[in-house]
Amino acid sequence: MTVFSLVLTSIFVFFSGQLQAGGTTTAEKHYAVVVIGGGLMGSAAAWQLARDGKEVILLEKQDREYSQGSSKGLTRIARSNNLGSDLWSYLHNRSVQETATLVNYLGNQGDDISMSAVYQTTPVNYMRPLKAADAIIASSERQKVDYKLALTPEEGMEMFGVQLPEGVFLHREFNEHSGTLNPEALISLLHKAIKLKGGTIVYNASVSDIQRQGNHYLIASKDSQGSERELTASQIVSAAGPYTGPLLTELAPYMDKLITPKRVFLAFLQISPAKYHQLDDHARSQLRRAYPVINSSAGTREGSFYSMFESSDADGNSVIKIGGHFQRSDINKLDDVWHQALSEEEIRWSIENTGRYLRMHGVPVNDEDLQLVDDVSCVYSLTSTEVPIVSQLVAPSGEMDSNFVVMAGMSGVGAKGAMTYGRIAANLLQGKSESDPGYLEAVEAVGFTRLKEDVDQLQVSPEK
């Protein structure tokens, strides 16, 4: 029997049922824990639960090629220094530890995998207005980050060969596993580990409804062919990203008010091959050192951007991904966002910011030397404070529903802390905690106390 046949057979057995008019309806099957959403958050939670010995099934609406997450691509910025917030620093550093545990587990199972499959350690560049320097120095010292700082144009040229504008400083971080992480690789490793621990993953399973029935939940889903399936669960983790509000209409109608999906865009640029071959060794070296970067030197949210290398061709000419964390727009139809092309203005913004930044680093390229090789629209799920939610639900009574954990509102900053959020979600569902002060601070920031306050505030101010 072929691998393909085995897969089909296993799916058939798992969802055994009879073909009826209007689609396939299957008999219910009960699971201890159902995790909804196979992106970084749901996969991290499912792994931690499976690691703890829980019976887990992970339902993912896409197929194995994960293409509609908060951000397309092979890289996200990973950093130890999180610009003044010890919370974000803790989330990253703990995630590195959790990833090491995952890699070690897979290694013990015979997989030749290293941390470099997920993390690429490179210096991280930050450019900010000079008025923020004292806060950045303080947070770097407090978070024990190895860094260098150029505060004047003269220091920028002497230390880094960078032409800093007046009133702008350059901060460069040098910690291990700071640089970029590969979300697609991490999801793949998580799914492999989940299955090795006895968990089940079902792709092309779009959850359409969740109902509370007595002491369990009834979950309805459809596959890509429209076939319907039902199963029940004692506990649920929902990591449905921008679909959180509509998915939880019955159980937690307040989520639709607390989570706001917004469209953001990414442009993928490359220096034209002819121009790239003209660059000397110094220019190419400067190009390599320039990324990844978080550039907020414009002093405005809309003028800020993040950028990093996505990939490189055989000649070493890198594809540069650039996006604006605060370049956000409203969404008319969520399912259509992923296919929405960038506007001419968005492409121009991407090229101009990239060209200006490269020339600042002594890379002699003009805007016309930059080619658009790909572009994508994606979705950020935002809370009002842009701090995520990883919490048990607030039941209609106002009490805690300890059997349902929601992970939502990641705001485009979730990737670097995903493995920590997964640990938190697994602990919450099992009634566990930890004594580590960083962990407790994180739970306080993203957990039930905060969610209950947000829900109570909605009831006080319904116009919000």
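How many residues does the largest nonpolar core have, and which of them have the most contacts inside it?

Analyst: Happy to! Before we start, this is a predicted model: local features need pLDDT of at least 70, side-chain atom pairs count only at pLDDT 80 or more, and totals for chains, interfaces and linings use all residues. Residues are numbered from 1 along each chain as its sequence is written, and side-chain values use heavy atoms, with hydrogens and water left out.

A nonpolar core is a set of buried Ala, Val, Leu, Ile, Met, Phe, Trp, Tyr and Cys residues joined through side-chain atoms within 4.5 Å. Buried means under 20% relative accessible area, exposed means over 50%, and partly exposed is in between (1.4 Å probe, protein chains only). The largest such core here has 54 residues, and L102, V390, M407 and Y421 have the most contacts inside it.

Among the elements that supply at least two residues each are α3 (86-108), β21 (400-408), α12 (418-430) and α13 (437-446). The largest share, 9 residues, comes from α3.

Let's zoom in on V390. Its contacts (heavy atoms within 4.5 Å) include V406, M407, Y421, I424 and L428, leaving aside residues up to four places away in sequence. A second, separate core of 52 residues includes I36, Y217, L248 and F268.

Two of the contributing helices also pack on each other. α3 and α13 meet at an angle of about 115°, with their axes 10 Å apart. Axes are lines fitted to C-alpha atoms, for helices over the stretch in contact, and angles run from 0 to 180 degrees between N-to-C directions. The residues that touch are L87, Y90, L91 and R94 in α3, and G438, Y439, E441, A442 and A445 in α13. By type, this contact divides into 6 nonpolar, 1 polar and 2 charged residues. Here Ala, Val, Leu, Ile, Met, Phe, Trp, Tyr, Cys and Pro count as nonpolar, Asp, Glu, Lys and Arg as charged, and the others, Gly among them, as polar.

Now for the sheets. Strands of a sheet pair through backbone hydrogen bonds, either parallel or antiparallel. Two strands count as paired if DSSP finds at least two bridges between them.

β16 joins β17 through 3 bridges, running antiparallel. β17 and β18 form a hairpin with 5 residues between them, and G316 in the turn has a positive phi of about 85°.

A second open sheet has 3 strands in the order β5-β10-β6, with antiparallel pairing. β5 (76-78) and β6 (119-121) are at its edges with a single partner strand each, so one side of each is left without a neighbour in the sheet.

How values were computed: Helices (H or I, at least four residues) and strands (E, at least two) are DSSP runs, numbered from the N terminus.
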